[in-house]
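Thanks for coming, everyone. I have one structure to walk through today. Please have it up on your screens.

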Amino acid sequence: MGALHWKMALRRVRSNVLTTLFVMAAAVFLLLYPGLIADAEAELETAYDQIEVSGWLINAGGYEDPMIPVETCDALLETGMLERYFAYSYVNFNMPDMALEALRLEPGYEEMSREELLAALEMRLNSLTLGGASLIYGVSGVDAEPMLQRLQGSITWLEGYSAADFAGEEAVCVLPEAGSPGLGEEAALILRRIEAGSFTERGETRMIARFKVIGLYGTAMSGSFGGGAVAYCPLGVMRSLLAPEGLFRFAIRSFSFVLRDSRDVSRFKQALVGLSLDSDKSVRAAVDDRILQGMVAPIEKNIALLRGVQALLFALVTGMGFLICFLFARGRQPEFAVMRMLGENPLLLMLGALAEQVALCVCGAGLGTLPVLLIAGGRDAIDWRILALFISCYLAGAAVAALLGAHGRPMMLLKGRE
């Protein structure tokens with residue numbers, strides 16, 4: 001009976017060819033389809049790698065520079081999600097020269113050395129009238145403060161020093177050329193905390209800090225100390241000098257950053273929520289991921305759509321396997337009925353119909369694999385699990401159809417045909 005079954009199957013050349021071509025076309029499409037998903041995923045990875053996500057801490061209550069607790073900045077750095085950051089603080093300062101000259105004119109101070117005068121000056125700091133002050137910035141790097149970025153080309157550096165020393169812990173500074181000590185010399189600066197809107201020097205917090213001059217700048221915009229010029233020192237040094245002095249209320253005045261990995265945006269925002277930087281009444285965080293979201297959101301939607309369509313395609317393959325086999329089985333019901341009346345076992349009849357579909361499926365899948373090998377560039381470029389799943393889905397539908405088509409009483413099969 002098995003040989004008879006195959007002879008009968010070979011007579012249906014057109015239907016067999018059509019089935020083989022369908023399986024071949026479906027195999028080619030499904031084997032190449034993962035490449036579409038891989039290309040979209042590669043595009044997504046490229047977007048994440050090339051687009052930077054930046055952010056900063058802002059004053060939640062106005063437009064002035066915020067007073068950012070150093071603990072907040074430390075907590076952000078401890079997340080490990082920042083690739084680089086830019087931070088600065090600042091405080092008012094005066095050069096001590098005028099105060100030292102005035103002190104030298106007083107009785108008992110005439111013969112004192114500079115060091116002795118500085119020690120005496122430090123004892124009387126809070127009683128002195130210092131007048132207008134300049135600003136000294138503590139910076140995390142040369143890119144942390146806009147004016148320093150513009151000035152860096154005009155800075156003359158002490159040999160062995162550079163802008164990289166702003167990230168260090170040595171007490172060094174960069175000053176304007178006018179009225180400053182020379183390179184390599186010590187600069188003793190009177191640091192002051194001047195309250196905003198204050199018109200009196202009474203009650204100011206003051207201290208003398210000593211720095212090594214490693215750079216001097218002189219440009220048209222630099223002015224002089226009397227004209228409000230600025231000085232620069234490492235942020236870490238300013239923090240170590242002022243943080244222990246509670247009256248200075250040391251705080252970071254600007255903090256911006258770039259994420260290490262743009263894929264961490266959501267996790268980083270959760271970290272900001274944990275630090276209450278989404279609702280704090282004084283300092284809040286802002287993250288600029290608009291460009292990233294504008295790029296990756298459509299790609300992610302496309303990937304989700306491609307994956308959904310892929311699942312639908314396998315469901316369609318299963319359905320087509322069922323439909324093709326069912327139609328063939330229905331068209332051969334008289335043959336099945338005759339074979340049943342001749343004593344053919346229903347199970348063997350069903351297995352014969354399924355074997356026919358297996359042969360057609362394997363033939364079509366094999367023919368479909370050949371062009372994919374040429375297009376994809378070798379067997380390693382093919383996901384053979386896709387081919388196995390495709391064949392399994394097709395044969396699952398064919399098995400159900402074969403069971404329904406070959407099962408039943410012979411007379412009922414003939415009556416169903418009628």
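**Aromatic pairs, cores and helices**

Phe29 and Tyr33 both lie in helix H2, 4 residues apart, about one turn of the helix. Helices here are DSSP runs of H or I, at least four residues; strands are runs of E, at least two; both are numbered from the N terminus. An α-helix has 3.6 residues a turn, so residues three or four places apart point the same way.

Before going on, a word on the source. This is a predicted model, in which local features need pLDDT of at least 70, side-chain atom pairs count only at pLDDT 80 or more, and totals for chains, interfaces and linings use all residues. Residues are numbered from 1 along each chain as its sequence is written, and side-chain values use heavy atoms, with hydrogens and water left out.

Back to the rings. Phe29 and Tyr33 form a tilted aromatic pair, 5.5 Å centre to centre, with 50 degrees between the planes. The rule is this: rings of Phe, Tyr and Trp (its six-membered ring) pair if their centres lie within 6.5 Å; planes under 30 degrees apart are stacked, over 60 edge-to-face, the rest tilted. How exposed is each partner? Tyr33 is buried, at 4% relative accessible area. Phe29 is partly exposed, at 42%. Buried means under 20% relative accessible area, exposed over 50%, and partly exposed in between, with a 1.4 Å probe and protein chains only.

Next pair. Trp157 and Phe166 are edge-to-face, with 6.2 Å between centres and 70 degrees between planes. Phe166 is buried at 2% relative accessibility. Trp157 is partly exposed at 24%. The structure holds 9 aromatic pairs. There is also a cluster: Tyr85, Phe255, Phe257 and Phe268.

Now the overall picture. The protein has 13 helices and 10 strands. Of its 418 residues, 43% count as buried. Take contacts between residues at least 6 apart in sequence: 81% of them join residues at least 24 apart. Contact means heavy atoms within 4.5 Å. The accessible surface comes to about 22,200 Å², and 59% of that belongs to carbon and sulfur atoms. Those areas come from the Shrake-Rupley method with a 1.4 Å probe; for residues, only the protein chains shown count as cover.

On to the cores. A nonpolar core is a set of buried Ala, Val, Leu, Ile, Met, Phe, Trp, Tyr and Cys residues joined through side-chain atoms within 4.5 Å. Which residues have the most contacts inside the largest one? They are Ile136, Leu191, Ile252, Phe255, Phe268 and Phe390, in a core of 73 residues. Helix H2 (residues 13-50) gives the largest share of this core, 12 residues. A second, separate core has 18 residues, among them Val139 and Val174.

Look at Phe268 again. Setting aside neighbours within four places in sequence, Phe268 is in contact with Leu76, Thr79, Met81, Leu82, Phe257, Leu259 and Val287.

In H3 (residues 70-78), the buried residues are Val70, Thr72, Cys73, Ala75 and Leu76. They pack against strands E1 (54-59), E2 (82-94) and E9 (254-259), and helices H7 (235-242) and H8 (265-274). Gly80 follows H3, and its phi is positive, near 75 degrees.

In H7, Leu235, Val237, Met238 and Leu242 are buried. They cover an arc of only 160 degrees around the axis, so they sit on the same side of H7. The arc is that of the directions from the helix axis to the C-beta atoms. The packing partners of H7's buried residues include E2, strand E3 (134-139) and strand E6 (186-193).

Now some loops. Arg249 is not a glycine, yet its phi is positive, about 50 degrees. Arg249 sits in the loop between H7 and E9. Ser276 is another non-glycine with a positive phi, about 60 degrees. Ser276 lies in the loop between H8 and strand E10 (283-288), and it is partly exposed at 36% relative accessible area.

Last, cysteines. How many disulfides does a search of the whole structure find? It finds 0. A disulfide would be a pair of cysteine sulfur atoms within 2.5 Å. For Cys361, the nearest cysteine sulfur is that of Cys363, 9.9 Å away. Cys361 is buried at 1% relative accessibility, and Cys363 is partly exposed at 39%.
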